[in-house]
Each structure stands twice: as structure tokens, then as C-alpha cells.
Amino acid sequence: MPSRHIRFTIGDAPPPRLDKALARDVPEAAALSRTRLARLIAQGAVRVGGRPVSDPKTRIEAGAEVVIEVEEAQDSHILPETIPLDVVYEDADLIVINKPAGMVVHPAPGTPSGTLVNALLAHCGEDLSGVGGMKRPGIVHRIDKDTSGLLVVAKSDAAHHGLAAQFEAHSAERYYNAVVYGVPDGSDPRLRGVKGVNFEPGHILKITTQLARHKTDRQRQAVLFDGGRHAVTRARTVARFGTPPVVALMECWLETGRTHQIRVHLAHAGHGLIGDPTYGGKRKLAAKALGEAASEAVKTFPRQALHAAVLGFEHPISGEKHRFEAPLPQDIADLLTSLGAG
């Protein structure tokens with residue numbers, strides 16, 4: 001596999017550890033994150049004074065000559081496909097897409113084509129970051145197949161590292177619209193008894209748990225309180241529907257970004273997403289509360305009612321602040337109209 005060699009000299013007064021010294025002194029143009037550097041050290045791809053070093057704690061002196069061997073991205077076997085894309089923003093380093101529901105982000109078993117990556121390869125040509133690997137060129141984060149909304153894709157390796165760092169640090173801004181069963185209420189004694197659920201000032205619902213793959217169903221995520229990965233979701237009620245209210249439009253935002261996080265967390269709180277076949281559950285809503293037409297619209301909604309509405313980040317190259325908004329897709333807008341939204 002072809003590779004490139006990055007050569008540089010450690011500057012004065014370096015940190016005592018190799019990994020920290022490399023993170024400080026590696027040329028910015030190399031676009032190597034701390035995580036990538038750690039992997040390269042472990043792989044034996046770092047040489048100091050001509051000798052391979054694989055221990056990140058190794059002491060290193062000022063003036064030491066460092067060579068890092070970095071494998072170039074392989075050509076993807078994924079074929080470009082001319083699929084229409086809703087491009088919200090694009091420049092030389094990144095592209096922001098408003099993804100439709102039903103589109104998978106990257107190829108996987110059972111979905112070898114028709115994905116966002118196939119479409120991006122046709123749209124961008126070779127201008128996609130190779131950091132994501134052959135199956136995921138340019139992909140920094142993702143949203144589920146049946147979730148619509150905003151997603152940023154890197155076109156350069158430097159942009160990929162810069163964006164990935166923001167998502168890892170949870171500094172990227174992400175807001176979602178969700179239509180859920182019931183209306184979360186801080187005075188609800190049932191909700192007050194759900195572990196990991198509480199309310200913050202301003203009637204903000206906060207859900208804090210650990211998340212991990214389900215023990216018996218690997219396609220699902222499960223709420224844990226011991227082990228797994230830390231996950232925090234916040235949400236507020238935007239609108240209530242029904243008499244009495246039995247459906248709510250929620251605005252949700254992520255402190256962390258785990259697989260299926262909003263879907264799992266709202267279901268854990270007892271307010272699963274309408275249309276979610278995995279976590280939402282099939283609930284029979286009283287026709288008296290909504291009316292026959294609205295009840296039928298809820299019952300037959302074909303996907304989880306979740307939309308990535310806002311995406312904000314600092315441009316990884318220019319440093320400029322960007323914030324994008326995507327209006328509700330037609331299917332969710334129609335659902336809300338059937339529920340009585342003005």
C-alpha cells in the first residue's frame with residue numbers, strides 16, 4: 001500500500017512523553033490528530049533517530065529527528081452513483097447535505113449501493129477525505145437511515161480531523177425535531193421515578209445514562225447505568241397535540257453523540273418517537289383525544305419522526321462559525337398539520 005513520510009524535528013523544551021511531543025510539533029499540514037498519532041505510534045509507524053518507537057510514554061529530547069509513515073487512503077471499490085443531493089453548503093474543504101429519510105449514509109452489508117457515499121463520490125469525485133476509510137470516505141458523523149436532516153462531510157483530510165475533533169469534544173451544535181408519544185412533564189410522578197431522568201430550569205428534560213449494544217439484539221442500543229458509554233440528551237416541548245395532549249413536538253439537543261441516542265433516551269423516558277419500529281412501540285391513541293384522521297396519521301407514519309434540524313460548527317480551516325438550518329421535511333410537516341399545527 002502506498003505511503004507518505006512526514007519528517008520533522010522536535011522543538012525546544014518538549015513535553016516528556018513522545019505522544020504529547022508529537023502532537024505539539026507535528027506539522028499542521030500533516031493533519032494528524034492526537035488519536036491518529038496514538039494509533040501510528042502503536043503500529044510502529046513512528047521512528048525517532050531512525051529507530052521505531054511504539055511506547056507513547058517514551059521520553060524524547062529537543063532536536064530529535066522524527067519520521068512518521070502514513071499509509072495513503074486506498075481507492076474505494078464503491079461506485080459513484082448519480083443520486084440527487086440537497087446541498088446546503090459546499091467549499092473546497094467540506095460539504096453540508098440535507099439528507100432525506102430512507103438514505104443510508106455509507107455502504108454496509110445489505111446496502112451496497114444507493115447510499116450517501118455513493119452519491120458523494122459522483123458529486124465530489126476524488127475530493128473526499130480518505131480518513132474515513134474505503135467504505136466511509138469523508139464521513140465525520142452520521143444520522144440513521146430513516147432520520148432526515150443535516151450532515152457535514154469532509155473533502156480534505158485536514159477538515160476531517162478538525163471536524164472530528166469538534167464532534168469528539170461535543171462542541172458541534174446539533175438540534176433535532178422529534179414527534180413523540182405523550183408530553184414530558186416535570187410534575188409527572190411516573191417520570192420523576194425513571195432513573196437518569198430529571199428536569200432542569202426552563203422545563204428542560206435531561207436524560208443521563210450509559211448506552212451500549214443490546215445483549216441479544218445487536219441492532220439495538222440499550223440503556224445501562226454500569227458500563228457502556230456516557231450519554232446525555234436534553235429536550236424541551238415545543239407544541240402539544242390532542243385534548244388532553246397525547247403527542248408532543250420536541251426540540252432535542254445532544255451533549256454526546258451515541259448511536260440511536262435520542263431514540264433510546266426518549267423511549268427510556270416513556271416518550272418514544274412516533275413511527276420508530278425499534279424503540280417507539282405501537283401505542284393506541286384515543287380517537288377522542290386526536291380525532292380519527294390524526295390518530296390514523298400517527299398510526300401509519302412510516303418512519304421515526306426525527307429530523308436533524310440545526311448543525312453548527314467552526315470551519316476547521318478558516319475558523320469561521322457556521323450554523324445551518326433545515327426545515328421540516330414534508331412528511332413530518334404533514335403529520336403535524338394532521339395533528340392540528342397551525
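Biologist: Which handedness has the crossing of helices H8 and H9?

Modeller: In this predicted model, the crossing of H8 and H9 is left-handed. The term applies because the near helix is turned anticlockwise from the far one by less than a right angle.

Biologist: How do the axes of helix H8 and helix H9 lie to each other?

Modeller: Helix H8 covers residues 292-300 and helix H9 covers residues 330-339; their axes come within 8 Å and cross at roughly 150°. An angle over 145 degrees counts as roughly antiparallel, and therefore H8 is described as roughly antiparallel to H9.

Biologist: Which residues make the contact between H8 and H9?

Modeller: On the H8 side they are Ala294, Ala297 and Val298, and on the H9 side Leu335, Ser338 and Leu339.

Biologist: What classes of residue has the contact of H8 with H9?

Modeller: The contact has five nonpolar residues, one polar residue and no charged residues. Ala, Val and Leu count as nonpolar, whereas Ser338, a residue of H9 in this contact, belongs to a type that counts as polar.

Biologist: Why is Leu151 called buried?

Modeller: The relative accessibility of Leu151 is 0%. Buried means under 20%, so Leu151 falls into that class. Leu151 lies in strand E7, residues 148-154. Beyond its neighbours within four places in sequence, its contacts include Val96, Val105, Leu116 and Leu311.

Biologist: Why does Arg263 count as buried?

Modeller: Arg263, in helix H6 (residues 261-268), has a relative accessible area of 6%. The limit is under 20%, and therefore Arg263 is buried.

Biologist: What makes the pairing of Arg263 with Asp144 a polar contact?

Modeller: Their side chains are joined at 2.9 Å. The cut-off for a pair of N or O atoms is 3.5 Å, and 2.9 Å meets it. Other residues in contact with Arg263 include Asp276, Tyr279 and Gln304.

Biologist: How do you know that Gln221 is buried?

Modeller: Gln221 has 10% relative accessibility. The class requires under 20%, so Gln221 counts as buried. Gln221 belongs to strand E11, residues 221-224. Among the residues in contact with Gln221 are Arg213, His214, His260 and Tyr279; Tyr279 is also in contact with Arg263.

How values were computed:
Residues numbered from 1 in each chain as written. Predicted model: local features only at pLDDT ≥ 70, side-chain atom pairs only at ≥ 80, totals over all residues. Heavy atoms only, no water. Helix = DSSP H or I, 4+ residues; strand = E, 2+ residues; numbered from the N terminus. Buried < 20%, exposed > 50% of the residue type's maximum accessible area, 1.4 Å probe, protein only. Contact = heavy atoms within 4.5 Å. Polar contact = N/O pair within 3.5 Å; in protein donor to acceptor, adjacent residues only side chain to side chain. Axes fitted to C-alpha atoms, helices over the stretch in contact; angles between N-to-C directions. Parallel < 35°, antiparallel > 145°, perpendicular 65-115°, else oblique.
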